[in-house]
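Please examine the sequence together with the three-dimensional structure shown below.

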Amino acid sequence: MAAAIAKLWPDAQFAAGPPVDTGFYYDVDLQHRITPEDFPAIEEEMKKIIKANLPFERLVVTRAQAIEDARRGRLGALSDRPVPSKFKLDILEGIPDTEPISYYKSGDFIDLCAGPHVMRTGNIGAFKLTGVASAYYKGDANNPQLQRIYGTAFKTRKELDDWLKMQEEAKKRDHRKIGAEMGLYIIDPEFVGPGMPLWLPKGAVLVEELEKLARETEFAAGYKRVRTPHIAKEKMYKTSGHLPYYAESMFPPMELIEGGTAEGQSPDAEHGAQSAAQSERYYLKAMNCPHHHRIYAAEPRSYRDLPLRLAEYGCCYRYEQSGELFGLMRVRSLNMNDAHIYCTPEQFADEFNAVNEMYLKYFKIFGIEKYVMRFSTHDPARLGEKYVNEPELWKQTEEMVRQVLQASGINYVEVPNEAAFYGPKIDVQIWSVIGREFTLATNQVDFAVPKRFGLTYRDRDNTEKTPLCIHRAPLGTHERMIGFLIEHYAGNFPLWLAPDQVRVLPVTEAQIPYAKSIVDELRAQMVRADLEFSNDKLPGRIQRAEQDRVHHILVVGQREQQSETVSVRIHGKGQQGVKPRAEVVADILAAIRERRM
Ligand SMILES: [Zn+2]
């Protein structure tokens with residue numbers, strides 16, 4: 001695509017062009033404002049390049065050579081140019097000395113790129129430009145604004161067509177659109193801030209139902225619930241290693257001047273009542289683990305106390321670039337279905353297996369049929385640099401994870417060199433009912449951070465040992481999970497999740513008392529039921545209930561009142577006939593209790 005754009009507009013200055021979930025994009029600085037009307041011309045050039053079946057050649061060059069080429073305007077271009085390739089110069093500066101610098105060349109087009117690429121342009125069977133947007137260079141509003149051109153490519157025409165069809169369907173199911181229609185959440189950038197959803201009453205229902213599901217499931221699995229504050233001192237994150245390495249993803253610190261006496265100290269303790277005012281830095285938590293580690297450390301633990309499973313739907317804050325924020329999928333405040341399992345190496349396999357079982361149980365409840373666990377392992381060549389230098393522990397834990405995955409018959413793939421700093425991780429990818437892929441959650445096996453926090457347990461042989469820690473979040477975050485579920489169900493949630501479960505519609509005023517008695521009976525059992533009576537004719541009220549996505553619509557006329565029955569209508573499924581009231585109520589309660597699809 002870049003080669004085609006360079007052909008049409010040789011003055012184009014390319015910045016970064018990575019692959020993304022939906023294909024790829026390239027950021028370009030260009031006088032001409034690219035619009036979808038330009039796409040046919042760009043696609044025409046791209047077709048010519050594909051037809052020529054040019055090879056993609058990888059060239060490794062020296063830093064000096066790369067800088068020289070960028071100065072001549074040769075990078076991201078078809079030939080030398082009068083102006084330097086300014087973004088490439090900047091990108092080169094950011095590449096560490098230890099990393100090789102590589103070009104990819106196809107035809108006359110040369111670009112700075114780490115790769116990989118397909119072998120030849122002819123390997124691309126079908127492609128399409130899908131959109132254009134603006135984006136700041138490096139996502140920073142102080143940098144120039146660039147044009148971001150999106151595209152996608154597939155091996156065959158059929159794959160592209162299927163993908164386009166799915167995109168159409170996904171557009172209809174867009175969680176931002178349905179979220180607004182149903183009144184689930186709002187984002188208030190002016191008063192609250194971008195990326196921080198406010199859950200409206202109907203959205204809060206989804207949040208609470210998910211928490212209830214987690215609470216029940218975790219209770220049955222022997223978890224203990226804890227609650228922790230949203231902030232902690234700098235010392236916490238220095239100990240965990242998040243500072244300084246993760247600082248960019250955290251909100252900037254709050255500086256607090258604390259004078260006088262500290263809690264727990266008597267006023268005439270040795271420093272005296274007037275201890276010097278001290279400046280302390282506090283950070284909003286970007287993850288819950290450090291707080292949980294401190295709970296573990298709060299009392300001496302023995303092997304008999306393990307496994308200790310601490311669970312919390314913790315609210316974390318992450319500083320995502322404003323350009324990256326997207327509805328509920330990329331946010332700055334996130335409520336995580338978090339838990340940390342502290343266990344001995346002997347207990348690891350059972351614990352890890354139980355976590356996987358929990359995932360499968362949830363997948364079944366939500367009708368998620370396609371998933372994969374991406375098991376990321378370390379690279380022994382990068383120990384002590386990208387990964388903690390514990391070669392034996394890496395080998396052992398990875399082997400333990402591998403064995404559990406194999407024995408359980410779970411669908412997984414192994415990806416080398418993508419582990420977390422402190423242990424192997426498992427990313428869980430799921431597909432919505434229309435075939436779109438989402439990253440739901442990440443599990444990590446951590447054999448390093450518990451040590452940094454000095455966590456120990458007294459083992460059978462009376463020695464102090466460091467526990468393993470499993471980080472897990474099967475329901476991901478509320479934000480992402482609900483974003484996914486909205487698309488998955490197109491807003492037509494199953495009864496147990498539906499914000500509006502039951503609406504009772506009396507045909508005439510005379511049936512209001514009967515209708516009200518049904519609503520009262522259901523509400524007494526925590527069913528979200530309401531009554532609607534207005535001057536509107538019945539068909540109009542039924543239509544409105546369907547628009548509101550009310551799951552069960554119960555119509556009661558004179559006949560129903562006399563015979564203690566109700567006429568049942570289910571959202572999207574139409575008339576179900578007249579049934580005894582007691583039977584309908586019992587069925588509603590059972591469907592909710594069993595979380596039926
Ligand atoms: Zn954690």
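Predicted model: local features only at pLDDT ≥ 70, side-chain atom pairs only at ≥ 80, totals over all residues.

In what order do the five strands of the open sheet stand, and is the pairing parallel, antiparallel or mixed? The order is β25-β24-β26-β27-β28, and the pairing is mixed. Strands of a sheet pair through backbone hydrogen bonds, either parallel or antiparallel. Two strands are taken to pair if DSSP finds at least two bridges between them. Strands (E, at least two residues) and helices (H or I, at least four residues) are DSSP runs, numbered from the N terminus.

Residues are numbered from 1 along each chain as its sequence is written.

At the edges of the sheet stand β25 (529-531) and β28 (574-580); each has a single partner strand, so one side of each is left without a neighbour in the sheet. From one strand to the next, the twist averages 25°. Strand β24 (residues 502-506) pairs with β25 in the parallel sense over three bridges, and R503 stands opposite D530 in β25. Two helices accompany these strands. Helix α15 (residues 512-524) lies across β24, β25, β26 (552-556) and β27 (565-570), and runs at about 165° to β25. Helix α16 (residues 538-547) packs on the sheet, where it touches β24, β26 and β27, and its direction makes about 175° with that of β24. For such angles, axes are lines fitted to C-alpha atoms, for helices over the stretch in contact, and the values run from 0 to 180 degrees between N-to-C directions. Two residues are in contact if their C-beta atoms, placed from the backbone, lie within 7 Å.

The view may now widen to the whole protein. It has 18 helices and 28 strands, and its C-alpha atoms fill a box of roughly 90 × 75 × 55 Å, taken along the principal axes. The domain assignment gives domain 1 (2-167), domain 2 (197-250 + 279-489) and domain 3 (502-593); such bounds come from an automatic or database domain assignment. The C-alpha centres of domain 1 and domain 3 lie 58 Å apart. Among contacts between residues at least 6 apart in sequence, 68% join residues at least 24 apart. Of the 597 residues, 32% count as buried. A residue is buried if 20 or more other C-beta atoms lie within 10 Å of its own, exposed if 12 or fewer, and partly exposed in between, with C-beta atoms placed from the backbone.

Helix α7 (residues 201-220) shows how burial can be arranged. Its 20 residues reach 28 Å from the first C-alpha to the last, close to the 28 Å expected at 1.5 Å a residue; the expected span is 1.5 Å times one less than the number of residues. G203, L206, L210 and A214 are buried in α7. Seen down the axis of α7, these buried residues fall within an arc of 65°, so they line one face of the helix. The arc is that of the directions from the helix axis to the C-beta atoms. The cover over the buried residues of α7 includes β9 (185-187), β10 (197-199), β15 (308-317), β16 (333-343) and α14 (478-489). The face turned away from the buried side carries the exposed residues P201, K212, E216, F219 and A220.

In α12, W394, T397, V401, V404 and L405 are buried. Seen down the axis of α12, its buried residues fall within an arc of 110°, so they line one face of the helix. They pack against α11 (345-366), β17 (371-376), β18 (412-415) and β20 (437-446). On the other side of α12, E392, E399, Q406 and A407 are exposed. After α12 comes G409, whose phi is positive, near 70°.

Two loop residues complete the account. A52 is found in the loop between α2 (39-51) and β4 (57-61), and counts as exposed because it has 12 C-beta neighbours inside 10 Å. Not counting residues up to four places away in sequence, A52 touches G107 and T121. D80 lies in the loop between α3 (63-71) and α4 (86-94); with 10 C-beta neighbours inside 10 Å, D80 also counts as exposed.
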